[in-house]
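Take a look at the model below.

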Amino acid sequence: MPAASTERTLIAPSEMNRRTGRLLYRFVLVLTVLGFTLAFVFPLYWMASGALKSSAELADPDPSLLPQSWHPESYSQAWTNVGLGQYFLNTLLLAVGAWLIQLLVDVAAAYALSKLRPVLGNVVLGMMLATLMLPVSALLVPTYLTVADLPFIHVNLINTPWAIWLPACANAFNIFILKRFFDQIPAELLESARLDGAGPVRVLLWVVLPLSRPVLAVVSIFAVVGVWKDFLWPLLVLPDPARQPITVALNRLAEFMPANQLLAGMVMASIPLLVIFLIFQRHIIAGLTAGSLKG
Amino acid sequence: MGWENYQRLFDDPLFATAWTNTGYFTLLALVFGFAAPFAVAVVLNEFRHARSYLRMTVYLPVMLPPIVTMLLWRWFYDPGPGLFNNVLEVFHLPAQQWLESEHLAMISLVLVATWANMGTTTLIYLAALGSIPGELYEAAELDGASVRQRLRHVTIPQMRFILMITLLLQVIGTMQVFVEPFVLTGGGPDDATVTVLLLLYRYAFVYNDFGMASAMSTLLFVVLGLFAALYLRLTRSKG
């Protein structure tokens, strides 16, 4: 993608190399870099540096670019006094659990549909794909009622992590991209493993999964990021404050926390996602464009 | 007895308000969020420098938890020590009631939503722009087409399909707007930012009226289903 687009785009190289072209190019480039930094990086700086200011300085209607006095302790205060540490760990538990269960269920489903090919497998796949077209918000009430009183066994999952984990598994998009990847693994590879006496589970563990690392990475990143960012669903199914993730807790506590501690909490809620983004930038952008162009 | 829920829904004066507000939000979000990322992507695609920096920064807000974005912007919009009114003051412009004014509140919500989401659309457009064959531009250039003519007769026709797709996805996405009004305005001022999903939330989880909430869910499902069907037809016919 980047290599191809450097060849020829809207503006011809000859036009770009003219004196006015070069001047204009520099001007627009500098303007864009400054504009993007101001629009997308500066707000994050303002948040992180605001957390370092004293409460009095934050209330000043004439703010300064750098904190006049540094108060890094608002980060530790937010973590311990307000108990954001606990909410952070709650989020971690929800995200890691959702990731593991999602991988387990979705890999098994995709493997069955791609390689084991049960009777009516295509009907099942079609029904799964149809759920992609259902808007999440229209499913809010029915999913809530299901989680509050599971069909047949009548268990109430409200205030348990399962209320987050189980609905997260029913992810047709993950199953779809996993299946599409598994489909490309040559049948001969599986066949030779089978001739060596490996059963379907062993084939999955020793042949299919090691070959699927790229797609597993994409699914994992989206699983963790999705649960970490979520607000509305945990707000509904985890009304018990002690179990809430940091997103829900921040919104609930926003009115009662000192402004600098609230900002510190917002930074803490964002840092894991920003770190994931910096490490897996390629995967995220690749998954994004693949999902939208071909999905 | 099911129809009774619909009857009560239609009798609620907020019902019409919520749909009108949601339509208004969707329309405004398209004005800002549909054209802006396209223009940005066309410009970014010309750059030979700072490419990865620009791609990374425009996507940064997408990675933030939406609740953080909303709390951050609520602080920016604060009529007292808020950043936006500070900036206006520097330029000697009058301070604004960003979230408290009935006229401005919805626009303020759309601004946040655009800031938070335009990274995704921009990167999708950039990928599509990169796959336009360079020969098309060369041929147009040989025919004496100016930059503006090339944009109109090569870029936009080549992008038509992806533009249609993102338009539909954006309508489907923005009609489900919730966090913005929930955190920033609570539906106010004077119900100017009550959206369909916010009202649905109130029915179910504030008034515990799951009958009305289900009726609302069904209606939302039907409306969004129409757009989803259109999307499916488009993607199917294109293979």
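A helix here is a DSSP run of at least four residues, and a strand is a run of at least two. Keep in mind that this is a predicted model. Now apply the definition to residues 23-46 of chain A. This span is 100% helix and 0% strand. Its end C-alpha atoms are 32 Å apart. Residues 87-112 of chain A are also 100% helix and 0% strand. Here the end C-alpha atoms lie 37 Å apart.

The UniProt entry, which is unreviewed, gives the feature "transmembrane region" to residues 23-46 and 87-112 of chain A.

Step back to the whole of chain A. How many helices and strands does it have? Chain A has 16 helices and 0 strands. Its C-alpha atoms fill a box of roughly 70 × 65 × 35 Å along the principal axes. The radius of gyration of chain A is 25 Å, while a compact globule of 295 residues would have one near 19 Å.

What share of chain A is buried? Of its 295 residues, 33% count as buried. Helix H15 of chain A is mostly covered, with 6 of its 8 residues buried. They are Ile246(A), Thr247(A), Val248(A), Ala249(A), Leu250(A) and Leu253(A).

Chain A is divided into two parts: domain 1 (2-76) and domain 2 (82-294). Their centres, taken over C-alpha atoms, are separated by 33 Å. The two domains do touch. In chain A, 11 residues of domain 1 are in contact with 8 residues of domain 2. On the domain 1 side, H3, H4 and helix H5 (73-80) of chain A each give two or more residues. The largest share of that side comes from H3(A), with 3 residues. By class, the domain 1 side has 5 nonpolar, 5 polar and 1 charged residues.

Now bring in chain B. In total, 58 residues of chain A are in contact with 59 residues of chain B. Several helices of chain A give two or more residues to the side that touches chain B, including H1 (2-5), H3 (19-50), H8 (140-148) and H13 (213-229). Which helix gives the most to this side of chain A? The answer is H16(A), with 13 residues. The residues on this side of chain A divide into 42 nonpolar, 12 polar and 4 charged.

Finally, look at the largest nonpolar core. It has 135 residues. Among those with the most contacts inside this core are Ala98(A), Ile164(A), Val227(A) and Met266(A) from chain A, and Leu71(B), Leu200(B) and Met216(B) from chain B. Helix H7 of chain B, residues 105-130, gives the most to this core, with 16 residues. The core also draws at least three residues from each of domain 1 and domain 2 of chain A. To finish, zoom in on Leu200(B). Leaving out residues up to four places away in sequence, Leu200(B) touches Ala213(B), Met216(B) and Ser217(B).

Methods. Residues are numbered from 1 along each chain as its sequence is written. Chains are lettered from A and ligands numbered from 1 in the order in which they are written. This is a predicted model: local features need pLDDT of at least 70, side-chain atom pairs count only at pLDDT 80 or more; totals for chains, interfaces and linings use all residues. UniProt positions are given in the numbering used here, feature names are shortened, and annotations may be inferred rather than shown by experiment. Two residues are in contact if their C-beta atoms, placed from the backbone, lie within 7 Å. Ala, Val, Leu, Ile, Met, Phe, Trp, Tyr, Cys and Pro count as nonpolar, Asp, Glu, Lys and Arg as charged, and the others, Gly among them, as polar. The radius of gyration is taken over C-alpha atoms; the globule rule is 2.2 Å times the number of residues to the power 0.38. A residue is buried if 20 or more other C-beta atoms lie within 10 Å of its own, exposed if 12 or fewer, and partly exposed in between; C-beta atoms are placed from the backbone. Domain bounds come from an automatic or database domain assignment. A nonpolar core is a set of buried Ala, Val, Leu, Ile, Met, Phe, Trp, Tyr and Cys residues joined through C-beta atoms within 7 Å.
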